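Try each question before you read on.

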Amino acid sequence: MNTQHGTHPEAVGTRRPSRRTLLKAAGATALAAGPAAAGSAAAAAPAGDRGAEEEYDVLVVGAGYTGVTAARELRARGKRVLVLEARDRIGGRTWGTAFAGHQVEMGGTWVEPAQPHIGAELKRYGIALEEEQPVDRVFLPTPEGPREFTPEDGFGRIGTLLERLFEGSEEYFPKPFEPLHRADLLQHLDTLSLRDRLDGLGLTEAEELLINGQTSVYSGGSSSRGALTMLAHWWSLAGWSNEGWNDTQRYRMKTGTAGLLHRMLDEAQPTVRLNSPVTSVTDTGTGVHVTLRTGERFSAPHAVVTVPVNVLSTIAFSPALPAALTTAASQGIAVPNATKLYIHARGSAAGRFYGQGAEGGTAIPMMMPFEETPEGLLYMAFSTDTALDPTDPAQVAQAVRALGAELDVLGVHAHDWGRDPYARGGWAFRRPRQLTSLYPAVHEPSGRLFFASGDLADGWSGFLDGAVESGLRAAAQVAAAR
Ligand SMILES: Cc1cc2nc3c(=O)[nH]c(=O)nc-3n(C[C@H](O)[C@H](O)[C@H](O)COP(=O)(O)OP(=O)(O)OC[C@H]3O[C@@H](n4cnc5c(N)ncnc54)[C@H](O)[C@@H]3O)c2cc1C
């Protein structure tokens, strides 16, 4: 399994006074320490003056899309901003690295220009998009085992079932960016898991097999985990149609996800400290004090905490987190198990295929072509099965065989986000009751603390768009605070 190897983001820093320059140099030093520094960031972080507290106007914890958005907006309002990031890189659950001669994204990848917040960022920085190429073949599960379909037939069948699954969503999510607009209708619907919904549809065995691979993968492995209202929310945000749904997996940034993030930082020039895991956040009522694992301390009138919701419980908050976030942190919002794999196959006999397995039927329930290589083809795949060892090509080849395709696996590059200490999960995917019980309270500041995450968006929660949305909201809240 790959850990935090890969990209070498520029040491982002500041053009301001010498102490800040020191911080920049410290970040650069930690980066130079390379992979060994990852996961043991305390050792890589500079010793600093543990007695003194560095003061800023706002501290931002986490340098993913949410934190960087918040930092940029606060810098634009003239604030002195320090971003504290645990890893040796920015980007969080987005992470571009090299494999088989290509730049691959180990986390968030696809963006859709119609998603309003990320769409605005793409436009603002002139980021070009690359369109995924169509597939030639589709392998889907049937009662007789995996079968090949033409793309038109296979995707057509899945599309028809998705429409049935989400029937009524135009009524219960009429304004998708105001998810509680019809809270009255959601009270019951939000108690349903995707499994409840599938069971209620009266599907034939063949129909059930065609659709439960999707509902279970998005839910993190089991259709019983994820809420109907979560997937239906995405469907509604995508315009209640298969076309809109498919568009959410159609485009990637030519610059990679890191390209846009660096543009945002270049514009804003906040101070960024890498290798700086935060262990405690204390709001005294007159200011916020943040302590790193190294013991170094920083203070500011306000702080924006953007770590993934699944990670919140690893930081000591004083006073304790507000009730909604305490619940969210203990339940988790992001799927607990999510491994993304790039599978390099010799030759191209299997071709450009999309493979989808049945729920519980294979360790790799979803895969698709990514790019051609001189040796063959590179595929992108997802797994929610903790028993799969993605470093073992034989295991991977066997899981692919269960989809119906034969691959001569040359190598695999994977990242397990569930075992990543600074993510503790993959994409956000709410469980039943979380929307109606946690929203809108999860957006409320607590004293001098502001909480933001792509996991907590009103709109595209679980997407980059939601991260930008949440970062914008937190910055506006800080700006309005006294
Ligand atoms: C496998 C996968 C595939 C995905 N695919 C897509 C996709 O195709 N399209 C899409 O739009 N979205 C996708 N997503 C979702 C998207 O990546 C996330 O919604 C988004 O990146 C979240 O951004 P964030 O800034 O809120 O959180 P994060 O990116 O997780 O940023 C939080 C930051 O906080 C840091 N941190 C954690 N603990 C500490 C600490 N103690 N001290 C300091 N810093 C800390 C982390 O290191 C991290 O950098 C995918 C996610 C995954 C995992």
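Q: How far does a backbone N or O atom of Trp110 lie from a nitrogen atom of the ligand?
A: This is a predicted model, in which local features need pLDDT of at least 70 and side-chain atom pairs count only at pLDDT 80 or more, while totals for chains, interfaces and linings use all residues. Residues are numbered from 1 along each chain as its sequence is written, and side-chain values use heavy atoms, with hydrogens and water left out. A polar contact is a pair of N or O atoms within 3.5 Å; within protein, one must be able to donate a hydrogen and the other to accept it, and residues adjacent in sequence count only if both atoms are side-chain atoms. For the backbone atom of Trp110 and the ligand nitrogen, the distance is 2.8 Å.

Q: Which residue has a polar backbone atom 3.4 Å from an oxygen atom of the ligand?
A: Look at the backbone contacts. A polar backbone atom of Ala86 is 3.2 Å from a ligand nitrogen. The ligand oxygen, at 3.4 Å, faces a backbone atom of Phe463.

Q: How much of the ligand's accessible area does the protein cover?
A: Accessible areas come from the Shrake-Rupley method with a 1.4 Å probe (for residues, only the protein chains shown count as cover). On its own, the ligand has 1000 Å² of accessible area. The protein covers 97%.

Q: Which residues around the ligand come nearest?
A: A residue is near a molecule or strand if one of its heavy atoms lies within 4 Å of it. There are 37 residues around the ligand. Those that come nearest are Thr66, Glu85, Arg93, Gly454 and Leu464.

Q: How many residues of the shell around the ligand are charged?
A: Asp, Glu, Lys and Arg count as charged; Ala, Val, Leu, Ile, Met, Phe, Trp, Tyr, Cys and Pro as nonpolar; the others, Gly among them, as polar. The shell has 19 nonpolar and 15 polar residues. The charged ones number 3.

Q: What is the strand order of the open sheet of 3 strands?
A: Strands (E, at least two residues) and helices (H or I, at least four) are DSSP runs, numbered from the N terminus. Two strands pair if DSSP finds at least two bridges between them. The pairing here is antiparallel, and the order is E6-E10-E7.

Q: Which residue in E10 is the bridge partner of Glu131?
A: E7 and strand E10 (residues 251-253) pair in the antiparallel sense over 3 bridges. Glu131's partner in E10 is Tyr251.
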